[in-house]
Amino acid sequence: MLSDCLAKEHQEGIAPDGQPFRIFTLTNAKGMKVQFMDWGATWISCQVPVGSEMREVLLGCQVNDYPKQQAYLGASIGRYANRIANSQFELNGKGYLLAANQNQHQLHGGQGFDRQRWYLEKCGGNSITFSHFSHDGDQGFPGNMHVFVTYSLSENNKVKIEYEAICDQDCPINLTNHAYFNLNNAVEGCDIRGHSLQLNADYFLPVDSAGIPNAELKSVEGTSFDFREEKPIGLDFLQEEQQLVKGYDHSFLLNQNDEKTCAILTALDRSLTMKVTTSQPALQVYTGNFLSATPNRQNGQYADYAGIALETQCLPDTPNHPEWWKYGGITKVGEKYYHWTKYQFIS
């Protein structure tokens with residue numbers, strides 16, 4: 001029942017549909033505070049206690065700028081996160097043409113879920129659930145689809161995101177959150193390449209300059225993509241395949257073990273660490289290569305490399321690669337899509 005909601009709600013600004021943005025705040029006993037907005041089911045703030053300060057670790061902007069910014073700050077992404085080549089795919093012998101929004105390709109579902117008002121489904125305890133209905137043919141995708149996202153905040157400073165969906169036709173589904181993190185300064189932003197990163201991944205996926213996969217999965221061994229041991233993000237920067245996309249914007253196939261952390265991000269001064277676990281098969285690592293001119297919360301702009309997105313999802317362009325369907329990306333009619341990701345902050 002909505003009456004059981006413990007989240008504090010306030011309204012701010014006016015969204016493109018003429019109604020105010022609704023913003024919800026969750027807090028825990030340690031003082032951690034997270035905020036979510038019904039427009040795009042967006043994670044807009046994450047303040048973590050570090051020593052005597054409350055530190056903002058999530059890139060964000062002023063509320064009225066969310067519909068205008070192009071970086072997908074903290075948004076729920078769907079129907080299909082990442083890219084689908086040439087905005088088309090074939091499924092069950094039928095071809096589908098999608099709405100293109102990155103030249104001839106589709107990125108993050110076209111005019112996708114990040115551009116929609118989500119419904120407040122339920123709110124209780126220290127969690128909140130939004131829902132959205134995507135009609136048959138939305139952005140070219142088949143089937144009527146109901147989708148839900150639940151955000152939860154635990155007492156040990158862990159944010160959990162759960163995505164659920166069901167569709168009445170076979171359909172590509174790949175849902176994620178597009179949060180950008182900066183564990184030192186997410187307000188103005190500082191160069192994320194000073195952070196350290198560790199990944200539980202033996203393989204990555206090479207892409208061309210448009211971010212479209214152009215080769216098979218490749219071993220990280222002996223490459224700049226080897227993060228199996230912690231290293232500064234900037235250590236091997238702009239080497240090899242990175243040069244095509246101005247940094248890291250690549251999918252890593254995670255070693256499958258739900259109990260093991262898939263990514264560890266550590267602040268430059270090591271004052272804060274974020275550990276990521278997920279049920280998803282892959283992780284898109286994007287070092288904010290094209291963040292320049294994205295508005296921040298201070299009437300200013302972020303620079304390139306001001307934050308890092310660690311997007312848990314399936315592999316990009318999976319609808320055009322049946323050999324990757326075993327990793328997810330295609331959901332059968334009536335089959336429940338469900339994935340979760342946890343971000344734990346340790347200071």
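Predicted model: local features only at pLDDT ≥ 70, side-chain atom pairs only at ≥ 80, totals over all residues.
Residues are numbered from 1 along each chain as its sequence is written. In this model, local features need pLDDT of at least 70, side-chain atom pairs count only at pLDDT 80 or more, and totals for chains, interfaces and linings use all residues, while side-chain values use heavy atoms, without hydrogens and water.

The open sheet consists of 5 strands in the order 1-2-3-4-5, with antiparallel pairing. Strands here are DSSP runs (E, at least two residues) numbered from the N terminus, and two of them pair if DSSP finds at least two bridges between them. Strand 1 (8-12) and strand 5 (53-56) form the edges, each pairing on one side only. Between strand 1 and strand 2 (residues 21-27) there are 5 bridges, and lysine 8 stands opposite threonine 25 in strand 2.

The second topic is the annotated site. An unreviewed UniProt entry lists His178 and Glu311 for "active site"; such annotations may be inferred rather than shown by experiment. These residues span 134 residues in sequence, yet no two of their C-alpha atoms are more than 6.1 Å apart, so they gather at one spot.

Histidine 178 lies in the loop between strand 16 (176-177) and strand 17 (180-181), whereas glutamate 311 belongs to strand 26 (residues 308-313). Histidine 178 counts as buried at 3% relative accessibility, and glutamate 311 counts as buried at 2%; buried means under 20% relative accessible area with a 1.4 Å probe, protein chains only. A polar contact of 3.5 Å joins their side chains, the term denoting a pair of N or O atoms within 3.5 Å, one able to donate a hydrogen and the other to accept it.

Technical notes. Helix = DSSP H or I, 4+ residues; strand = E, 2+ residues; numbered from the N terminus. Buried < 20%, exposed > 50% of the residue type's maximum accessible area, 1.4 Å probe, protein only.
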